[in-house]
Amino acid sequence: MDYRQLSQEILNRGKEKFQDLEVFIQNSKEIEIRVFKGEVDKYGISESGGLSLRGISNEKMGYSYTEKLDESSIDMLIDEAYENSKYIDSPDKEIIFEGSDEYQEVKIKPGNLTSIPAEEKIQFLLDLEREALGMDKRVSSIQMCAYQEFQSERYIMNTKGVDLSDNNSGAFVYISVIVKDGEDTKTGLSYRIFNDFNEIDYKEMAKEAVEEGLSLLGASPIESGSYPIVFKNTVFSDILSAFGSIFSADQVQKGLSLLKDKIGKEIACDLLTVVEDPFLANGFYSRSFDDEGHKTMYKKIIDKGVLKTYLYNLKTAKKDGVESTGNGSRGSYKSPISIGPTNVYVEKGDKSLEELISSIDKGLYIINVEGLHSGLNEVSGDYSLSAYGYEIEDGKIKRPVNQITIAGNFFETLMDIEAIGNDLEFSMPMFGYVGSPSIKVKKLSISGE
Amino acid sequence: MLSQKLIENVLHAALSKGGDFAEIFVEDKLSTRIRLVGGLIENNISGRDYGVGIRIFDKLNCIYAYTNDSSEENLIKVAKEAAAALKSAPMDLTLNFLKGNDRDINPIKIIPSTVDKKNKVGLMKRAYEVAKNYDPSITQVIVNYLDEDQKVLIANTEGVLAEDRRVRTRFSVASVAAKNGEMQEGFYGPGASMGFEFFDKIDVEEVAREASRIAKTMIDADYCPSGVMPVIMDNEFGGVLFHEACGHGLEAAFVSKGTSVFANKLGQLVASPLVTAIDDGTIPNGWGSTNIDDEGTPTQKNILIENGILKSYLIDKLNGRRMGMESTGSGRRQSYKFAPTSRMNNTYIAAGDSSLEEIIANTEWGLYAKKLGGGSVNPATGDFNFAVMEGYLVENGKIVKPVRGATLIGNGLKVLELIDMVGRELDLGQGMCGAESGSIPANVGQPPLRIKSLTVGGRKEDK
């Protein structure tokens, strides 16, 4: 049975129990390749997907899902969603959307991933691994050398007339090298996110990873204290991404975001502008409609330090008496609708990374943080993260530093930004596709020796 | 779940272009997740995960494919597509399925799907009331309920044809305390490989009080000092120390490639002689227990470190080949969407002979980490980090005040040598462990113990 037919059948049959219903389908095809010591270590191919049903009965929304997509699942989906709806007692008005008047087209440069034969992708990894291993005697082995590619499609169909679909594709290449000097072991990494295979260069990646690893050899902690910090672009974007939920209207309404009552107020240094652009060319999360079928839109979340808007889906927008910002999002067909960002980035400033570094007498350039899932609290804004990077002395990189933590409060950090670089870069997509230039912060607590 | 004939045909198709091992993993899982926010049930979602993974080994190379469509036609097609990555002659194959599963280490009394949702919701509301009314500073409470019933079938060309059923239940409360424009969160989330009878074992009101107690304690806490100091870690989730600092580094996925700091160290002293560490997949009804692992090998109790000496790694089939060692029953995966690899089940440091009171009384100045949050590690360097959810400052052998916002960092090889006191009261805590083969339930555990010196990342600089 094809998806459209199956969806129609579910909507028809579900009408007996629900006022309105919606079917959401996600399918994806993936390829994963890993090499180790000149051989393909893992080769993975897959095709999978799932279907979620949600329906409103007595103003309550029930959800169900299945990965077994056939006629036999229809009754189970309807019965489960109906049963689940009975226990909802949140008074918020649930909405199955009738669709936006128009949707702005996303202009994505078409990728060429599917037309590249697997052999070429394997060869790329083999070249990458060989290049990295041969670059320096101190490269002892490769921790990971991997390629991952996906093609996904999304369908939303409901009884209010929404009938939308789109697709997305992308790939990652990742290499992590291990370098050793005696007992001293460090890792260096490099990755690329792309949609056009010709954009990536294995020599450049190998060099990046090996140089990073080597530059960290001999690292030691720095004396505990308070120091000015330059965050590498991808580090700041990872931290911003990890704190993404502070902008969610849902978190604000539930009293779980300290940005409550802060619209129109200054919450960051006036150099900082944060944009959400769902139409970004090559944006990993570019899309013209959100997971509720609402149109997406370009917006400034923070404009010159002032908070302009929260991110809304239909339900939270109705509660605040505003329009949805097109941020209705589900982690997958297994999750209910919540709120999520698309492509979000900090607008670039006018300083080069070198200028940011040279403005510091004694401080740190942080190139990696760990523990983003555990060492920060979105509710309080507090964070304390394991980090490594380099000590800056008299405006120059002096030596590698590791086994330290950086600690602060994100809301204070936003205020403490002193300069913004011109080197905007996006990091690996997790909660949205988030980018930032390198950023200088007045001071943070460092725990080291 | 699939007929034996179909399984045989798929395994034959998988080895039609060479390779020396093929496996099929079938999963059918029902789950229910209910979320309560501010006293009201906000989401209630249930569904079915269903799919098949096919894996082929050609010496040390692994091919993995998965699909949701378990029709014979499609499975043969997927097996052949996977096989197409190999270019050799078909392997001669005689299938003789002799290895099944007749264990039942996680007996289940009440299958969750047979319980009226009203009862599940009722427990959540009771917990909410208790958590919310714990203290006026508690401004928000979120309660999550999860149950899952996973049926798997695993068959391979080495004669395994085994089924297992994994029923799990988890109940968690997150309380938020607010004061003077600041917020702090407390979390407690016990779980077990049990059905609804889990709620005869735990008291949801106690879970609620614990979450609110932590939030309330932390909102009144000062920032934690930073620097290097002795750290006392309490039992239960304190075991995340060993999990991150050492457990991941003992996984064959890293050891077999020489990319772990613990590679080539069997038989060597890698920890203080006070440390004995165990990974046990057979603890009855344990959160990380299964009868067989996700490769069909019966789970076992593995002594990893005995009196400081490294005794064993955690080994799956593929990495076992690379190492020339047998599987330790440690091949795990989140779902059919992941090829299995070596993972932990229920990992803990064994009990010693000090009491928590003695350990604190013997500490002149340092941090007592009563509850820990999550963490992570780089197995190649051994550098780890984890968060302290509830901490206290210890001065002159006494707990003086709560402190917040600390992260602990260190190096796995070094930290185990620095354990200088090990307590008596062993307890386990439940977590979700994320790695290459996905997110899986795992117990961590330890008795209270002390690390002579560890870097504490706080926000207060002066001591």
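Predicted model: local features only at pLDDT ≥ 70, side-chain atom pairs only at ≥ 80, totals over all residues.
Mentor: Residues are numbered from 1 along each chain as its sequence is written, and chains are lettered from A and ligands numbered from 1 in the order in which they are written.

Trainee: What makes the radius of gyration of chain B agree with that of a compact globule?

Mentor: The globule rule, over C-alpha atoms, is 2.2 Å times the number of residues to the power 0.38. For 463 residues a compact globule would come near 23 Å, and chain B has 24 Å, so the two agree. The C-alpha trace of chain B spans about 70 × 55 × 35 Å along its principal axes.

Trainee: How many helices and strands does chain B have?

Mentor: Chain B has 10 helices and 23 strands. Both are DSSP runs numbered from the N terminus: H or I over at least four residues for helices, E over at least two for strands.

Trainee: Why is B:C246 called buried?

Mentor: Buried means under 20% relative accessible area, exposed over 50%, and partly exposed in between, with a 1.4 Å probe and protein chains only. B:C246 has 0%, so it is buried. B:C433 has 6%, so that residue is buried too. Across chain B, buried residues make up 67% of the 463.

Trainee: Which elements do the buried residues of α1(B) pack against?

Mentor: Helix α1 of chain B covers residues 4-14, and its buried residues include B:L6, B:V10 and B:A14. An α-helix has 3.6 residues a turn, so residues three or four places apart point the same way. The buried residues of α1(B) pack against β1, β2, α2, β4 and β5 of chain B, where contact means heavy atoms within 4.5 Å.

Trainee: What share of contacts in chain B join residues at least 24 apart?

Mentor: Among contacts between residues at least 6 apart in sequence, that share is 75%.

Definitions and conventions:
Heavy atoms only, no water.
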